[in-house]
Amino acid sequence: MPAAQTVSVLLPVAVAGTYSYGVPAELTVAPGDIVAVPLGTRDVIGVVWDDPPDAEIGHNRLRPIVEKLDAPPLLKDLRAFVDWIADYTLTTRGMVLRMVLRARGGLEPEPPIVGVRLAGPPPERMTAARQRVLSVLEDGGAWSKSGLAAAASVSTGVVAGLVEAGTLAAVAMPARPVAQPPDTHHAVPVLNTEQQAAADALRKAVADGGFSVTLLDGITGSGKTEVYFEAVAAALDAGRQVLILIPEIALTGAFLERFAARFGTAPAEWHSEVAPRLRDRVWRGVATGAIRAVIGARSALFLPFRELGLIVVDEEHDLAYKQEDRVFYNARDMAVVRGKLAGFPLVLSSATPSIESRVNADSGRYRRIVLSDRYAEAKLPEIASIDMRANPPERGRFLSPPLVAAVAETLEQKQQALLFLNRRGYAPLTLCRTCGHRFQCPNCSTWLVEHRFRGALLCHHCGHSEPRPDHCPNCGDTESLVAVGPGVERLAEEVAARFPEARTIVMSSDMAGGIQRLRLDLQAIAKGEVDIVIGTQLVAKGHNFPLLTLVGVVDGDLGLAFGDMRAAERTFQLLSQVTGRAGRAGGASRALLQTYAPEHPVIRAIVSGDREAFYTSEIAARRAAGLPPFGRLVGIVISGIDRGETQAYAGAFRRAEPRAESIQVLGPAEAPLAVIRGRHRFRLLVQAPRNTDIQTFLRDWLAAAPRPRGNLRVQIDIDPQSFM
Ligand SMILES: Nc1ncnc2c1ncn2[C@@H]1O[C@H](COP(=O)(O)OP(=O)(O)OP(=O)(O)O)[C@@H](O)[C@H]1O
Ligand SMILES: [Zn+2]
């Protein structure tokens, strides 16, 4: 008997290595093929990988591949991407592969849809319902049973009855494509001079081919979307697929419409709210090449594109690109890696680029294209701060007199106002006036946030929920509980009291109704069916609200309170984005920032509009401190159920640190969020020069450290965004 072929297979389980399997004589497999293999007592789906198979295993002990799935193979650049990310983030390759294989149903060809069409004489017994079905079918076409029933306003039983009577026959129908191919000539925009130059440069990057990164740095409302659509068109015309990443799925609705306006059809969508069956179809369509353009959240980066030729990362600075769950990665950075491995260009678009991208542009690693004007007649809003020390709101209220006056004026002029407060719920803290008791999460070291619409106290970290109490559980006093501080719901109460006639809407990610409701609400705002929008960061970014002429930032200092290395950058970005929602359709507009620290450099940069000054000073500060991107940071969180045990392990872990002169390790220290979901947390921070091979250092460390036993966990976060 000829020696059977042996291959290595990567499985979507938390294991770094591959497994070796025998290939049955009747099968031929190559790297990238998706296969079912036995693992223990069950069969699992895996992918034939590039590693050499294990030569040690004798053929008699080798278990054979069960089956090769009828799915397009994962291409070499995607396999290399999986390996790269696992290596960089110190996660197992299996866990990264799991993100690729997330659409189980997409691995199998779609079952054909069974429809019906006219095939025989009319039934002997004719009814009005049957007659309606027959008249729908008069054109001779095939219909799905449910579609036909709906069109004829009958139950599906009526359709089934006609099949039984021989009047209708079942036929296989081709599945409707998930997305039509975009038409790049559908509605070519007329660009202004600056936009045209930018679009030409992007088109050239696509035409030149190969890896490149262009930072499209344009102020809010400058038309970045219109401009990068030209890069999209160029890539599509070159026969390549395109991926556009967006940070916030609340933005998809408006985005799909804009894409459709430019290309005649909406792109395929990929994010957590897409129904599982549709996800399967998108996955497969991307793999076969039937789908040419995808808009998606960060996980779309792991789709098995067949001929990807461009990734656009919209709002590239956004924190939402960082995944902090299982595999810790930043989708913007990993998009660049994917482009590099496969050799295609990227566009990073933002009105407030991340310090990292800006430094890369300044150093020449990235190209930078600047759009310095708003499109057409639109001008940036006038921005001013309101010193809250001089203009305090009334007791128990949060809007200062100047902001209230500005809202009133805006309403009088029949224009729209946005009040921005980045806090969900009613109040961030509830306490008892009698005994001082504060409501804390039983699982986390956080205060419970009151959500009055829902009548509950919620933990924003673990989801713990309890009904809003009517008395203090500590001293038993009734009528003694007070809400401390504002959330958007409380602000809505104040607005309703002050402007009872105004049509007001609260927008935050936790409102009932999910993405559909959000899309409708956003449309209503754009159409002017709302006078005052009260919202969290959900409404701060990316949206086009033509009637909006006033933005009030209720707490301009909120982001600065965190005090971590990115607080200034993040606050600058968020405040620039939210003030940038005003005045997008021309006419005078303004933004008012309530602050207790009007002299703070970030607030000053926003008010003066001097973004260059902000970047210059922030970059200088990072450079001086050796912080990213001039140095490297790694966060390590050690967690466990028992505090003492966790702390002891964290100490032992630290003592195993390998010697490395240039690398500095801080901690372990109790994390600012000391307990989450019942797990005690200790943090270490690794700081190293930029050119350090930090992965090797960490791997050596992990190998030398005692193994975390029981419920202890070591979580490594390369390039951390959060220091909580
Ligand atoms: N060349 C153009 N022709 C017609 N409309 C344009 C053009 N350029 C921009 N616009 C319009 O101007 C508005 C702002 O453009 P866009 O949303 O692309 O800006 P942006 O730079 O992405 O802003 P932000 O960073 O705030 O999201 C949109 O309504 C867009 O349709
Ligand atoms: Zn909690």
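This report describes a sheet, a ligand shell, a hairpin and an annotated cysteine cluster in a predicted model.

Seven strands form an open sheet in the order 11-12-10-13-16-9-17, and their pairing is parallel. Strand 11 (268-270) and strand 17 (367-371) lie at the edges, each of them pairing on one side only. With direction ignored, neighbouring strands of this sheet are turned by 20 degrees against each other on average.

Within the sheet, strand 10 and strand 12 pair in the parallel sense. Val-294 in strand 12 is the bridge partner of Leu-243.

**The hairpin of strands 14 and 15**

Strand 14 and strand 15 run antiparallel. Gln-323 stands opposite Tyr-329, a residue of strand 15. One residue lies between the two strands of this hairpin, and Arg-326 takes a positive phi near 55 degrees.

| Strand pair | Residues | Sense | Bridges |
|---|---|---|---|
| Strand 10 and strand 12 | 241-245 and 293-296 | parallel | four |
| Strand 14 and strand 15 | 322-325 and 327-330 | antiparallel | four |

**The shell around ligand 1**

There are 18 residues around ligand 1, of which Thr-220, Gly-223, Lys-224, Thr-225 and Tyr-375 come nearest. By class, the shell around ligand 1 comprises ten polar, five nonpolar and three charged residues. Helix 7 (residues 224-237) gives the most to this shell, with three residues.

**The annotated cysteines**

In an unreviewed UniProt entry, the annotation "binding site" covers four cysteines: Cys-432, Cys-435, Cys-472 and Cys-475. These residues are spread over 44 residues of sequence, yet they cluster in space, with a largest C-alpha distance of 8.6 Å. One of them, Cys-435, is found in the loop between strand 20 (429-432) and strand 21 (449-451).

Conventions:
Residues are numbered from 1 along each chain as its sequence is written. Chains are lettered from A and ligands numbered from 1 in the order in which they are written. This is a predicted model: local features need pLDDT of at least 70, side-chain atom pairs count only at pLDDT 80 or more; totals for chains, interfaces and linings use all residues. Two strands pair if DSSP finds at least two bridges between them. Axes are lines fitted to C-alpha atoms, for helices over the stretch in contact, and angles run from 0 to 180 degrees between N-to-C directions. A residue is near a molecule or strand if its C-beta atom, placed from the backbone, lies within 6 Å of it. Ala, Val, Leu, Ile, Met, Phe, Trp, Tyr, Cys and Pro count as nonpolar, Asp, Glu, Lys and Arg as charged, and the others, Gly among them, as polar. UniProt positions are given in the numbering used here, feature names are shortened, and annotations may be inferred rather than shown by experiment.
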